[in-house]
Amino acid sequence: MTLLDSDHIGRDVLAILRRVCRRPVDVAAHSALAADLGFDSLQTLEFVAELEDRFGITVPIDQVPRIQTVGEAVNCVRSLVAENSHP
Amino acid sequence: MALLTLPEALDAAARSGGGFGYLVEDGRSHSQQSYAQLLDEALRVAGGLRDAGLEPGETVALIVPEAREFLTAFLGAACAGLVPAPLYPPVRLDQFEAYLRQTTPAVRVSRAAAVVTTVQLRRVLGALQAEVGTVRAVLAIEKLPASRHGALAPVGLDAVALLQFTSGSTSDPKGVVVTHRNLAENVTAIAGPHGLGLTQADRGMSWLPLFHDMGLVGMALTVLYAGCWTDFLSPLAFLKRPATWLKAISRARATVSFAPNFAYDLCVRRVQPREMADLDLSCWRIAGCGAEPVRAETLAAFARKFADVGFREEAFLPCYGMAEHTLAVTFPPVGRAPRVDAIRAADLSSARLALPHVNGDAARVELVSCGRPFPGHELRIADAKGRSLPERHVGQILLKGPSVFRGYLDREALSRETLAGGWLHSGDLGYLADGELYVCGRVKDSIIVNGRNFYPQDLEQAAADVADVKKGRVVAFGTRSGDGRERVVMVVEAVSAVPSDDLADRVRGRVVESTGVLVDEVVVAPRGTISKTTSGKLQRVRVRQRYEEGTLLQPRATNGRAALVGHAMNSQLVYARAYAARLLRRRVRPGKTR
C-alpha cells in the first residue's frame with residue numbers, strides 16, 4: 001500500500017494526472033510535476049482545476065504553487081476533502 | 001484632444017466617475033477603487049516616496065503581485081515624478097534564490113533608486129539593496145510614511161513615463177524607455193475613434209498580468225485615460241479555470257477585454273458545457289487578440305463554441321503591437337469579423353510571396369489581418385536592405401510615429417540599430433494586402449509561448465545544467481507547425497556516446513522548472529550535429545533550418561543514437577517535417593519542400 005493506491009483519492013488523483021499529462025509516464029508519490037512529468041504552469045493549473053471538479057473542493061490560488069509533487073497533490077486533496085466533511 | 005501626462009490623466013479621470021474593480025478568485029466583486037480614490041491613494045504614496053528621499057526623475061522598480069497595490073504604487077510613483085519599472089513578482093516564496101538571480105539584472109539595468117514592494121516580499125527582496133549599487137532602499141508600499149505632500153509633481157510630456165522590461169532575455173534585460181508623450185499618443189489612439197471608440201458606457205475586464213505591456217498599457221492605462229471602469233481578475237484564477245474570465249465578463253456586462261490567442265484556445269478546450277449555462281456574452285463588444293500570432297482556427301472555434309451564449313464573431317479584434325511602440329500598432333475596424341487571408345504555403349517559404357490560395361493548389365496557410373496603423377503613424381514592409389516592398393511581399397515590419405519608444409536604456413548601439421533611419425525595426429515579418437497587415441514570422445530568434453517572449457539563451461542555459469549535456473552544444477528555437485502554432489524545439493548533444501534514455505526528459509524537466517517553458521520536442525542528436533560557431537544566433541539559424549528541412553538527423557555521425565522523444569510521436573515528426581519546411585521565414589531549396 002502506498003500513498004497513491006491506498007484509497008480512491010490516490011487512485012483518482014493518478015487517473016486525472018495521466019489524463020492531463022497526455023502521454024505515458026511513470027508516476028511515483030515523489031514525482032515532481034515540472035521536473036519529472038514535464039508539466040508547465042498551465043498543465044499544473046488544469047490538473048488542480050480537475051481535482052477541484054472531481055472532489056468538490058476549492059484549492060485557493062495561493063496554495064497552488066505549493067503543489068510541486070504528486071504526493072503533495074494527494075495530501076492537499078485529502079486535507080481539503082477532510083475539511084469539507086468535518087466543517 | 002490634448003495629450004496628458006500620466007499624473008494629469010489620473011487627475012482628469014478622478015472627475016470621470018470611473019475606476020478600477022478588483023475581483024476575487026470566483027470572479028465576484030471584491031473591492032472597488034474609483035479614480036478619485038485612486039488619485040487620493042496615489043498622492044499618499046507619492047508623498048511617502050518623496051519623504052523616503054526619492055527625487056523626481058529617479059527610477060523605482062515595482063515588484064508588487066496584487067493588482068490594487070500594484071496600480072496604486074505605479075500611479076503613486078508617477079505622481080511623484082518618478083519612473084516606475086514594473087517587474088515580474090515571484091510566484092513562490094521558497095524559490096527565492098532563483099527569483100533573485102533572474103531579477104537582479106533588470107533591477108541593475110534600470111538603475112533603480114529604490115525597490116517598491118509589499119511587506120511580505122520586502123524581507124526577501126532586501127537582498128537587492130546589497131546586490132545593486134543604485135538601490136538606496138527597499139520600501140513596502142503599506143509602510144510608507146504618512147505624508148503631507150499632496151501635490152502632483154510637474155512632469156513634461158517628454159519625460160520618461162515608464163520602463164518596460166518585456167524585451168530581452170533575463171540574463172541580458174533591455175529596458176524599453178516610454179515617455180509620457182508615447183503613452184498619451186498610443187492610449188489616445190487605442191481609445192479614440194480610429195481605435196476602440198471607447199465611451200463612458202464601456203467597461204473593461206482583464207486578467208492580464210500588469211507587469212506586461214498589454215495588461216498595463218492596454219487594459220489599465222487606456223481605460224484610465226478614457227475614464228471608464230475596468231475590473232481585474234488574477235491571471236492565475238483565469239489559468240486555473242478559464243470560465244472564470246467569461247463569467248466575469250458576463251456578470252459585469254463588460255464590453256472590452258483583450259487576451260493572447262492561447263487564452264481563447266484555452267477557453268475552447270477547457271470551458272465545460274455546465275460552466276456555460278448562465279453565460280451571456282452578448283455584451284462583449286471588443287474581444288481583443290494580440291501579443292502572439294493570431295490563429296484563424298482559434299478564433300473560428302471560439303466563435304462557434306460561444307455563439308449560443310451570445311458571443312459574436314464581429315467582436316474579435318485581432319491586433320498587432322509591441323512594447324517598443326508603447327503597445328498597439330495596428331487595429332482592424334471595430335465590429336468587423338476577422339479577415340482571413342488564405343495564401344499558398346509554397347510561395348511563402350520559397351519566394352516570400354503571399355499569393356492567394358486557389359482550389360487545386362497544394363498546402364495553404366491562413367493568416368488573420370491585424371488591420372491598419374493609427375492616424376499619424378506609419379508602417380511599411382522592407383527587405384533586408386531597408387527598401388520598401390509592394391503589397392503581398394513578405395519583409396520586416398517597420399514603424400514610425402509618436403508611439404515609437406525612445407530607445408533601450410543605456411544600450412546606445414542596440415537602440416541605434418533598432419531605430420535605424422528613423423524607423424523602428426520590429427523584428428517581425430509580415431506583408432500588406434489591401435493596406436492591412438498580416439504578420440507571419442520573426443526576424444529575431446525569440447520564442448513566443450502563450451503570449452510571452454522567451455529567449456533561446458535562457459532555455460539553453462537551463463538545459464546546459466543537465467548532467468551529460470555537452471556545453472555549447474545546446475540549441476533552442478521556435479518553429480511554426482502546420483496549424484500555425486509555435487512549437488519549442490531543443491536540440492542537444494550528449495557528452496557520453498550512448499546517452500541514457502531519459503536525457504530528453506531530464507532536459508524538458510530542467511527547462512520547465514527554471515523557465516516555465518514546456519519544450520515540445522527535445523532532440524538528442526548525435527555528436528557533431530551542432531557545429532560550434534561564435535554566434536549563438538547563427539548556430540540556431542543553421543540548426544533550425546536543417547530541422548525544418550528534415551535533414552537534421554540524416555546520418556552524418558556513425559556512432560551515438562538519434563533519439564526523438566518527449567511529445568514527439570513518430571507521426572508528429574513526419575507532420576512537422578513536411579509542413580515546417582514549407583512554412584514561413586525560411587528559404588528552402590527547390591525540391592526539398594514537398
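In this predicted model, the sulfur of B:C267 lies 11 Å from the closest cysteine sulfur, which belongs to B:C289, and that is too far for a bond. A disulfide is a covalent bond between the sulfur atoms of two cysteines, and the cut-off used here asks for two sulfur atoms within 2.5 Å. B:C289 has its own nearest cysteine sulfur in B:C319, at 7.2 Å, and is in no disulfide. Searching the whole structure, over all chains, turns up zero disulfides. Both cysteines sit away from the surface: B:C267 counts as buried because its relative accessibility is 0%, and B:C289 is likewise buried, with a relative accessible area of 0%.

Chain B contains 18 helices and 29 strands. Of its 594 residues, 58% are buried. If we take the contacts in chain B with a separation of 6 or more, 73% of them are between residues 24 or more positions apart.

Which of its residues are buried? They are B:A296, B:T298, B:L299, B:A301, B:F302, B:A303 and B:F306. An α-helix has 3.6 residues a turn, so residues three or four places apart point the same way. The cover over the buried residues of α12(B) includes the helices α10 (243–252) and α11 (261–270), along with the strands β12 (286–289), β13 (316–318), β16 (340–344) and β17 (364–368), all in chain B.

B:T5 belongs to the segment before α1 (6–13) of chain B, and it counts as buried because its relative accessibility is 2%. Leaving aside residues up to four places away in sequence, B:T5 touches B:V155, B:G156, B:L157, B:H180 and B:Y225.

To one partner, β20 (residues 395–400), it is joined by four bridges, with the two strands running antiparallel. Along this pairing, B:L398 stands opposite B:H425, and B:G395 has B:G430 as its bridge partner. Six bridges connect β22(B) to β23(B), again antiparallel, and here B:L429 faces B:G441. How many residues of β22(B) are buried? Nine of its 10 residues are, so the strand is largely enclosed by the rest of the structure.

The hairpin of β22(B) and β23(B) has two residues between the strands, and B:D434 in this hairpin takes a positive phi near 50°. B:R111 is not a glycine, yet its phi is positive, about 55°. B:R111 lies in the loop between α4 (96–110) and β5 (114–117) of chain B, and with a relative accessibility of 44% it counts as partly exposed. B:R253 also has a positive phi, near 55°. B:R253 is found in the loop between α10 and β11 (256–259) of chain B, and it is partly exposed, with a relative accessible area of 34%.

Finally, turn to where the two chains meet. Here 22 residues of chain A are in contact with 23 residues of chain B. Together the chains bury about 2,000 Å², with 55% of that on carbon and sulfur atoms. On the chain A side, A:R23, A:L42 and A:I61 lose the most area to chain B, together accounting for 30% of what that side buries. How many salt bridges cross between chain A and chain B? The rule finds five across this interface. In one salt bridge, the side chains of B:R274 and A:D53 meet at 3.2 Å, N to O.

Conventions: Residues numbered from 1 in each chain as written. Chains lettered and ligands numbered in written order. Predicted model: local features only at pLDDT ≥ 70, side-chain atom pairs only at ≥ 80, totals over all residues. Heavy atoms only, no water. Pairing = 2+ DSSP bridges. Buried < 20%, exposed > 50% of the residue type's maximum accessible area, 1.4 Å probe, protein only. Contact = heavy atoms within 4.5 Å. Buried area = accessible area lost by both parts, 1.4 Å probe. Salt bridge = Lys/Arg side-chain N within 4 Å of Asp/Glu carboxyl O.
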